[in-house]
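Subject: Structure handover and findings

Dear colleague,

I am passing on the structure we spoke about, together with notes on what came out of going through it. Please read the notes with the structure open beside them.

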Amino acid sequence: MSQGQFISHCTADALTRAAQDLQSGSLVAFPTETVYGLGADATNAAAVARIYEVKGRPADHPLIVHLADMQDIAEWASEIPDYAIDLARSFWPGPMTLILPRTELAQDFITGGQATVGLRVPDHTLALALLTAFKEIGGKGVAAPSANRFGHVSPTTAAAVREELGEYLAESDLVLDGGPSTVGVESTIIDCTAAAPRILRPGAITVEMIETVTGVRVVNREDEIRVSGSLEHHYAPSARVILDGTAEVGDGFIALQSVATPEGAIRLASPLNNEDFARQIYQSLRDADAQSIERVIVVQPEGEDIAIAIRDRLGRAARGR
Ligand code: TXA
Ligand code: MG
């Protein structure tokens, strides 16, 4: 049974009320361009504790603080290298999270006790309107992990948020519907605590984009990229995900449109290009579960663009829950 209140027509009044709800300690799930987030006042320990409860997530996992404007990072970050300012100017609002040394505003219940904090200005009209309305009534920032149960696939629609969290939300919590997320995979996380940027989680902002705007070489550009400080390795559906395998009759099948469907397989997505692949991947894995498909064969996209992020998430999905 669904508890949270769903708002599909987000008027200015609805957003003002949602900001007030955040201020009074309620949770507000909201759309971003990457995936939907489950938001709480980032300075309210009790509200943030409810995020962990609703997600079923271990309490030492740090959360990303979402801000209305890049200027607001000065309140949360104590040292900001020049290359991080270049990144913020170039890619915010956008699908990028910067990890920076924290100020006292970023308490242990946000950072998981680490000396750093993750900050992001999302590129979504509704998210920015909510963050701005919250700021106008004195809010400092909105902590928001992806709005899924721990270890599950991130939601890219309000309906997916309802499926994931509906039964765990309280009557006073809100879910704002802003349509499907346009990027589809979580933000690129960049550690900005050393002399050069380091990618902790790949996303739509790539190594090449980072190096172009900063003129600084990314340290782990050839290495495997890993999210540090996180146990959330599995972004997995119930179905077993098999990468680049042979599909048999009754298997789900996900590949670029140019790849033909094997005989007897159930086509779940036919993205036109890698951006489209990112947009569709999580929903198509959800669709596999909705159809009780047991195995899904995915032909991984090639390339060094957002395909890196897609292969990263598919690798996690293939390792299972
Ligand atoms: O696209 C996104 O980033 C979405 C939308 C809602 O903004 N959010 C998101 O949050 O993916 P979450 O909590 O599902 O994933 C955030 C990741 C976690 O793996 C966490 O460990 C890492 O970011 N993280 C957060 N703060 C960190 C920090 N201070 N140091 C290292 N990793 C951090
Ligand atoms: Mg997540």
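A cavity is a set of points, on a 1 Å grid over the protein atoms alone, where a 1.4 Å probe fits but cannot get out, and its lining residues have an atom within 4 Å of a point; grid points are joined across faces, edges and corners, and a volume is the space filled by probe spheres set on the points. With that definition, a search of the whole structure gives one cavity of 30 Å³ or more, and the largest cavity holds about 60 Å³ of space. Ten residues line the largest cavity, and those nearest its centre are Ile-199, Pro-202, Thr-206, Val-207 and Ile-308. Sorted by class (Ala, Val, Leu, Ile, Met, Phe, Trp, Tyr, Cys and Pro count as nonpolar, Asp, Glu, Lys and Arg as charged, and the others, Gly among them, as polar), the lining has six nonpolar, two polar and two charged residues.

Please keep in mind that this is a predicted model, in which local features need pLDDT of at least 70 and side-chain atom pairs count only at pLDDT 80 or more, whereas totals for chains, interfaces and linings use all residues. Residues are numbered from 1 along each chain as its sequence is written, chains are lettered from A and ligands numbered from 1 in the order in which they are written, and side-chain values use heavy atoms, with hydrogens and water left out.

Turning to the ligand, 25 residues surround ligand 1, the closest being Thr-34, Arg-57, His-66, Ser-187 and Arg-201, where a residue counts as near if one of its heavy atoms lies within 4 Å. Taken alone, ligand 1 exposes 680 Å², of which the protein buries 99% (Shrake-Rupley method with a 1.4 Å probe; for residues, only the protein chains shown count as cover). The shell around ligand 1 comprises ten nonpolar, eleven polar and four charged residues, and its largest share, four residues, comes from β6.

As for the fold, strands are DSSP runs (E, at least two residues), as are helices (H or I, at least four), numbered from the N terminus, and two strands pair if DSSP finds at least two bridges between them. Ten strands form an open sheet with mixed pairing, in the order β1-β8-β2-β3-β7-β4-β6-β5-β9-β10. Because β1 (5-7) and β10 (198-201) stand at the edges with a single partner strand each, one side of each is left without a neighbour in the sheet.

Finally, a cis peptide bond with omega of about -10° joins Trp-92 and Pro-93.

Best regards

Notes
On a 1 Å grid over the protein atoms alone, a cavity is a set of points where a 1.4 Å probe fits but cannot get out, and a pocket is an open set with protein on both sides within 12 Å along at least five of seven lines; lining residues have an atom within 4 Å of a point.
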